[in-house]
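Please read the points below with the model open beside you.

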Amino acid sequence: MRISSNTIFDSNVSAMTQQQARLIQTQQQVATGRRILSPADDPVAATRSLEISHSDSINTQYGANGLAARHNTSLAETALQSVTSLLQDVKVAAISAGNGAINNSDRRTIATGLNERLQELIGLANTTDGAGSYLFSGFQSSTQPFVNVSGITLYAGDDGQRAMQVSASRQLASTDSGADIFMRIKNGNGTFATQSASANVGTGVIGMGGVTDTALLTGDSYTLAFATLLTQAGTPNAGTASISTATGSNPATHYTLTFTSATTFDVTDVSAVPALTVLAAQPYNSGAPITFNGISLNVQGTPASGDVFNIAPPIDNSYTVTNNRTGLPVAGMMAQPYVSGQQISFEGMQFDLQGGPAAGDQFSISPSVNVSIFKTLSDLIGTLNTPVAAGNVAQSTALTKGIDNALNNMDRSLNNVLSIRSSLGLRLQELDALQASGESMGVQLKQTLSQLQDVDYNKALSDLTQQQMTLQAAQKSFVKVTGLSLFDYLG
Amino acid sequence: MGTNIYTSALSGMNAALLGVSTAEHNIANASTPGFTRQEIILGARTAQSSGAGFIGQGVDVAGVKRIYDEFLTTQVLQEKTQASYLSSYHMAMQQIDNILADPVAGAAPAMQDFFKAVNGVANTPDSVPARQTMLGNAQFAINRFKSIDQRLTDIGNGITGQITSSVNIVNSYAQQIATLNGNIKRAVAAGQGQLPNDLLDQRDLLVSQLNSEIKTSAQAQPDGTISVFVGNGQAMVIGEQAMSLRVAQAATDPSKVEVNYLNDGKLIALQQSSLQGGNLGAYLAFRDQSLEPARNALGRVALGLAASINQQNQLGQDLNGAMGAALLNVAAPRVDKGANNTGISSVVATINNVAGLTTSDYQLRFDGTNYSMLRLNDNAVTNLGTSLTSPVNVDGFAVSLSAGAMQAGDTYLIRPTANAARDIALLTTDPAKIAAAMPMRTMTGAANTGTAVMSSATLNTSPMSIAFSDPLLVPQTYTVTDSTTNTVLGSGNFSTGAPISFNGWTVNVVGTPSTGDAFSLVKDVASNAMLASAAKTNVGGAVVLGGKLNLQQPFSVTFNAIAPPATLPTYTVTGAVPDVSATPVSYTPGTPINLSYNGWSAQISGTPASGDTFNVSKNINGSGDNRNALIMAAMQTQNLLANGTASLQGGYGQLVGEIGAKTSELAVTSLAQDSMVSQTVQSQQSVSGVNLDEEAANLLRYQRAYQAAAKAMQIANTMFDALLTIGR
């Protein structure tokens, strides 16, 4: 084929230009460490590496979110750990306060100590995250959640729980509402609370009880009342006085209440032979209870001299359970014979009643209400600060009841705090697992990214050498070829 | 007889002399662009008849011819046009290719940093430094979008300059070809059949250079001139007359120029599709098929980011306890009135659904009766009905006629995302304005005795539609339907202008809707207003006036005991708009209760007791609430674009991929085309190119021929001398 002289130059120059371009490309790859210098070098890998670095960035972000969640969760866990040991200490103190051997001043000392613990508890409940945000105030992180206003600790936060995105599909709660930890602790057994009426004179003690069938629960309040003493006005009484309530231990004895004037009365045991005067010429005040031999009478109105009231024991020692909402007795619970220690069940609830309840004694069974840890503690302090006069059965019963209530509520509080702590522990565990998987994912992503966009130095350097050689060969041969000319031989 | 030898030798010497000068001409022009080697054409003179036969008379030089192959030259022209097209396109593409996927300078890392900062706010919503970082990183991402967009605009301006200069070059070449046509015509006429080879070479070179700019076709005429045509057969050169091209603002799009053909003082626009090949074709194709779609795609990502973050921020509550406002500026679609419109009208377009947006531009048309929308990248046509008084939806935006009336044939160019990357901006510098919290929270009543719990309230702002019943049936009623789930949310009696409230929003419909008329409502991406758009089939004259969203209306739920004879317990909702407190709702114990009022949804599960209350109330002091920030952070991975098929990063990645693939394709085809060119040039040069060795040989050959002819003359002289000697 005929070759024009220009072609020799042109084709060689363009070949060398291409060689140089390739050489520079390889050199740039080596210099930057990147295989893809612009998306055009490998559009598929370039798009893919954008995706991968996006995933990597998100993965790193989840890791950072996990750290933030861990920070809050660990702080909460530390605070609640202190709360737990504080509650355990309080429990020990409450038990020691219940010891019959200690006196009023000992109890006051314990109460003073407990007051310190209460303040400490409020401090713990107001823990901040180190940056001034409260841990247990729900969404209102800049509002102090627990404020003691004249002895009552109120919750100023809300139910909010801050979640953090710790993996693509998992939003992990990093805070817990103070209301859930400290405020919403149900009293009683958690479903219903039993309580003896304060006016009870007998020694009947009602148990905490439990739920036997949740489907039957109504959420209503009930009153369990023992049959009252029988009272009867003399016929005819000239005055307008009447007995409004009569309660008392079940006597086998009949009494008469005789007004000797409009302002004085006698009480006589008429079962005794001969009749025995129990009270003589006592002053009468309308509405003031008249108590004798374990019996308490409430007489109101104006009696006339010579008016007589007969007091007789109830027919039997039975009780009736009434639904407070409907005012009707609960089916099957009317005039039930009382056996000490027997389980009493109705409408899904069961509890026991022990001891010797007096006629007219009442016990309430109502749905559990929330009692905050602070209230339990301040109630206990109040109970311990109340002096108990020696031999005063009512006061000592109130003390025992107060301490029992406090212990019960304290147990429930402790359980609540522990269950929150176990949830915190589970979250920390989950964070550990997520962190581990996130890290290994990060390594994988970085590896893939590196494979996609980083230069393989072995290959690149070998390419570089090869291209260098080719270019050199092209240059040398070009000089040789263009050096050939017939004109060299002319003349 | 002696004279015969003389003449014969002289003709040989003459021919050799011409041969040498042709060879020298070839040598001298060996590197002249477009030069075609020449050869002398020799022919033996007619022999003289004599008794001894025909006696040779010497040599005649018939002419000098170009060694020229028409076919190969045409092929070189075609390949070069294509090569210059590909290489110009490739060079232009490389400019955008380099800026998009840079791991430091591209938009992808900036968006990642922004979402990192959003996560930071979600983790510590009450931290002002975290919020400040989010604003700072937002500004950083905005700057990246803006600077990439600016770069693309600069490239576009550069391309406009190149189009102009390319058109000038085309005009100048056309003029030069016309001038040469004249010279050649006269030279051919004067040369009595001899061709002016060097003029032809010059003209061929000009045609070749013209072809580098624009694809042409040439036709040789009998008088030696050529006619050159461009585009769809528009003549650039006829004989000695040259036409010209003009660059002018495009009639449909004032933001760019188009190439026009000047004919009798009138401009005829040349479509980009008819200007394939050459630099000019490359610039136009690059601008229309790569640069503008790239800007639109970048704009779509920027708009998706701005609109989605805005939308969510407006649904939240900021650090000051106020409802969030727009954080970022969302550019409105660009609307350009057609230059040839006869009607006096104006049209507005509003973005109402980021997911529906494409990267295409649109043309709104009116045929006298119906409005239609042409999507320019695939020529899909959407019929918009006969009225544009109320906005009508197309692909994520709504158009409406804001004033005047369109005449048949009027058009508007609508570019939904073209300005988005340019106009994205941060609207606040106050870190407290980031709405990390939600405006409402749920609270369980403190005295509740039941075990029921209420879930965190979630927003319920999915698009809705209102449909109307027959106006002749009194009272006319409306029905509100959730457009996502197609469930009926509520209904009521319609009276014109009376507010219709549901899920926190309130709108007023004015006028008389006809049976089946419907309006769809979505929340505006830029404000707390509701955007209403009319169904394409609406016939009534009703329009939606105003509309606002109020997400801070508290409501509470109170549980009631079973009231015989009913067998199921009920709950009463107070505070709902419209009020429903008079009608307690019954529920089945043990089944979760789903509530949705005032734009908020929540679920109550567990066993509520009679008298228990649950409140959905204002989130006062909710500085530690991060629910809204979590939703914003999750937008990083949500498929917000392309009908829910691409995330923001995905949309950007798609852009990078498309540009990369096109550049890579051009790099390969351009390289292949270069080798095609060098092959055809080689073939053409092997015929027409000068080989110096060959010319050296020719020099020697003609030198020898000259020497030989001179010797013959000497011999003749000697012979003549001998003859004279005889006579002496």
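**Notes on chain B**

1. Strand β5(B) and strand β6 (residues 226-230) of chain B run antiparallel and are joined by five bridges, where strands are DSSP runs of E with at least two residues, helices are runs of H or I with at least four, both numbered from the N terminus, and two strands pair if DSSP finds at least two bridges between them. Within this pair, T216(B) stands opposite V230(B) of β6(B).

2. This is a predicted model, in which local features need pLDDT of at least 70 and side-chain atom pairs count only at pLDDT 80 or more, while totals for chains, interfaces and linings use all residues. Residues are numbered from 1 along each chain as its sequence is written, and chains are lettered from A and ligands numbered from 1 in the order in which they are written.

3. In chain B, four strands form an open, antiparallel sheet in the order β5-β6-β7-β8. Because β5 (216-220) and β8 (241-242) of chain B each have a single partner strand, they stand at the edges, with one side of each left without a neighbour in the sheet.

4. Chain B as a whole contains ten helices and 36 strands. Its radius of gyration, taken over C-alpha atoms, is 41 Å, well over the 27 Å that the globule rule (2.2 Å times the number of residues to the power 0.38) gives for 728 residues, so chain B is more spread out than a compact globule. The C-alpha trace of chain B spans about 170 × 55 × 40 Å along its principal axes.
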